[in-house]
Amino acid sequence: MIHVRIEGALAKQVMDQTGVAHWSERPLQALSQGQMRRVLLTRALVSQPTLLLLDEACSGLDRVSRHQFLVALQSIAEGGVTQLVMTTHRVSEMIPAIGFVLRLKNGKIVQNGPRLGPAAPAKTEKTAVAEIRSEDDST
């Protein structure tokens, strides 16, 4: 049986940041898909990557799990250590830290540049990038 066990001071800090500390003694098999994603994200962050690539990271998550996962991603982006590059079909998954957007519609680039609108971050040099592959936000 595999347990959620990541040790050390940095690991505990990252576990708190991603909200998985209270699962530290649970078997991985006992976690939901959303919980598992957050544990795997935590595991990746313990190595302190400068870049984290996320492809459809919220795919298959229910609304609550998606929200919790996006809150964790926002916290990571705000930390300024790890830059995020993510792809998604859902505009609603663009966390506030995303500062640059490449948006495609029908295979054509319709937006390529700084994020526009009220959720655009003040600085873009240490923020996330999102590729929105579709305008459809219904799924």
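Trainee: Among contacts with a separation of 6 or more, what share comes from residues 24 or more positions apart?

Mentor: This is a predicted model: local features need pLDDT of at least 70, side-chain atom pairs count only at pLDDT 80 or more, and totals for chains, interfaces and linings use all residues. Numbering starts from 1 along each chain as its sequence is written, and side-chain values use heavy atoms, leaving out hydrogens and water. A contact means heavy atoms within 4.5 Å. Of the contacts with a separation of 6 or more, the share from residues 24 or more positions apart is 61%.

Trainee: What percentage of the residues count as buried?

Mentor: Buried means under 20% relative accessible area, exposed over 50%, and partly exposed in between (1.4 Å probe, protein chains only). Met 15, in helix H1, counts as buried because its relative accessibility is 4%. Of the 139 residues of the protein, the buried share is 40%.

Trainee: Which helices and strands are included in what covers the buried residues of H3?

Mentor: Among those buried residues are Phe 69, Leu 70, Leu 73 and Ile 76. Their cover includes helix H1, helix H2, strand E1 and strand E2.

Trainee: Which residue forms a salt bridge with Glu 93?

Mentor: A salt bridge is a side-chain nitrogen of Lys or Arg within 4 Å of a carboxyl oxygen of Asp or Glu. The whole structure holds one. Glu 93 is buried because its relative accessibility is 3%. At a closest N to O distance of 3.5 Å, its partner is Arg 90.

Trainee: How much accessible area does the nonpolar surface patch with Val 85 have?

Mentor: Patches take residues with over 30% relative accessible area and no salt bridge, joining like charges within 9 Å and nonpolar side chains (Val, Leu, Ile, Met, Phe, Trp, Tyr) within 5 Å. Areas come from the Shrake-Rupley method with a 1.4 Å probe; for residues, only the protein chains shown count as cover. Val 85, in strand E2, is partly exposed at 31%. Together with Leu 51 and Leu 53, its patch has about 260 Å².

Terms used: Helices (H or I, at least four residues) and strands (E, at least two) are DSSP runs, numbered from the N terminus.
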